[in-house]
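These are my notebook entries on one structure, kept in the order in which I looked things up.

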Amino acid sequence: MQSFDLGKEGLRALNSALHGLKGQTNMTDWEVVNPKGAHAIAAGVDAPVDITVRGSTGYYCAGMNKQATIRIKGSAGPGVAENMMSGTVIIDGNASQYAGATGRGGLLVIKGNASSRCGVSMKGIDIVVHGNIGHMSAFMAQSGNLVVLGDAGDALGDSLYEARLFVRGSVKSLGADCIEKEMRPEHYALLEDLLKRGEADGKAKPEEFKRYGSARKLYNFNIDNAAAY
Amino acid sequence: MCGIVGLFLKDPKLEPKLGAMLTDMLITMTDRGPDSAGIAIYGGAKDGLGKITIQSANPDKDFKNLDGDLHDAIGQPVTILVKSTHAVLEVPLDQMAAARSALAHLRPTVKVMSVGDAIEIFKEVGLPKDVASRFDVSKMKGTHGIGHTRMATESAVTTMGAHPFSTGSDQCLVHNGSLSNHNGLRRELIRLGKTFETQNDTEVAAAYVSRKLEEGQSLGQALESGLDDLDGFYTFVVGTKNGFGVVRDPIACKPAVMAETDQYVAFGSEYRALVNLPGIEDARVWEPEPATVYFWER
């Protein structure tokens, strides 16, 4: 176990050490103490390592993550796991704005609530939120899956493309071109897997969710649909 | 950007440390806005006295014998505490208006930063650490306070363009964001008798809240009204003699984190600003919801 005191050694030293891990490494277990809300903790990691951050983080923690499993034992500031490519990020507390934004792959798990714009422009990432999500979540989401065990705020899935949104609780309002869709057998199977990987299988069952997706009316401009924009 | 910090103390034991705690929080937010910084601190004046905080570009000349000159003008004793470019005048409460008009006559270039029973405002161009040390903020006592570090977007980087803005007795407001309807609103408020020192958007929001309070609204009601009338991006933190309020616009892209314990309610633009507060590990920490008014009054 490599233990790193961010208060003493500083962010740049931490991220240089993590960026130095290429391919196979025998330093697979990392612990970061005293994060104190610092920005960009463990951003840009590209190695199959396990990193535990003991406390709350600031902006862009685990941004652009590839391969690594990053656990935050606290809450995360804006843009956590932004543009994640692969790997897993698990947050014990809450996540601030635009969690998992533009993510291309991997799994983001938020055990508390996520605030506004969760999964905005997601492009393949899977996001599992145990609590609620704020307004404008999954705005322009292109692919991937967003699973919410609690409620969703205003304008869910506005201008959505092909991402799948599963919400167990209430949805305050749907955004433009986002509609409820039927749950088919493949969706139950997908949800079962996501709930398990998102450490939520004891908390919710696939049949409790509704699915939301794109009505596909805004893909190309059509004057008859002008009112929908 | 811009950085905001705020602290509302519930535990009187922390009151001697208010200035030191706010200074530490504000310095942590330096990289959100290095143009100018300011702080409003509410600490009671002696019984029967009120405070006028003033600022001058020529403090040696303007503050010299000002207490004596004001005494002569209003016929009551006035004390002055000079701190760099600012000074705090203590004036009998029933003579506050007389002292202000005498001040405008005696020292026409001096600016009034705040007036009230409890409030003092210190603000200048420069980094939070320099502004705080210039005014010895870390030694100040009080019940609640608000700090701001500015990255200017709407108007010039000047002392008067720094936050907090005070447009009513014991009131102040700080802002992260930018308003888009401030020119129209300023014209309306001028018609209603408000005066403005700057072209700054935040000063309009402060004057708007002051006007609503004058109309008899509570702080909470005034902030609710603002959700309808103020257009743009904002996270506001507002101080009054007894209270402290927070509101974010409905889009809520300007960050805000709050923490509450038995000892205090704290506000920070980022969680970083709160990490050194006592008992933060066990505090209730949350993000204020969009278009939702929060306030605490004692």
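Conventions. I worked on a predicted model, in which local features need pLDDT of at least 70, side-chain atom pairs count only at pLDDT 80 or more, and totals for chains, interfaces and linings use all residues. Residues are numbered from 1 along each chain as its sequence is written, and chains are lettered from A and ligands numbered from 1 in the order in which they are written.

Entry 1, chain B overall. I looked up the secondary structure and found 8 helices and 15 strands in chain B; helices (H or I, at least four residues) and strands (E, at least two) are DSSP runs, numbered from the N terminus. Chain B has a radius of gyration (over C-alpha atoms) of 18 Å, close to the 19 Å of the globule rule for 298 residues, so chain B is as compact as a globular protein of that length. That rule is 2.2 Å times the number of residues to the power 0.38. The C-alpha trace of chain B spans about 55 × 45 × 35 Å along its principal axes.

Of the 298 residues in chain B, 50% are buried, that is, with 20 or more other C-beta atoms within 10 Å of their own, the C-beta atoms being placed from the backbone.

By an automatic or database domain assignment, chain B divides into domain 1 (3-44 + 123-297) and domain 2 (45-117). I noted 24 Å between the C-alpha centres of domain 1 and domain 2 of chain B. Their contact (C-beta atoms, placed from the backbone, within 7 Å) takes 15 residues from domain 1 and 12 residues from domain 2 of chain B.

Entry 4, a sheet in chain B. I traced an open sheet of 4 strands in the order β4-β5-β3-β6, with antiparallel pairing; two strands pair if DSSP finds at least two bridges between them. In chain B, β4 (79-83) and β6 (111-116) stand at the edges with a single partner strand each, so one side of each is left without a neighbour in the sheet. Strand β3 (residues 49-55) of chain B is joined to β6(B) by 5 bridges, and the two run antiparallel. Within β6(B), Ser114(B) stands opposite Thr53(B).

I counted 10 residues from chain B and 13 residues from chain A in the contact.

Terms used
Two residues are in contact if their C-beta atoms, placed from the backbone, lie within 7 Å. A residue is buried if 20 or more other C-beta atoms lie within 10 Å of its own, exposed if 12 or fewer, and partly exposed in between; C-beta atoms are placed from the backbone.
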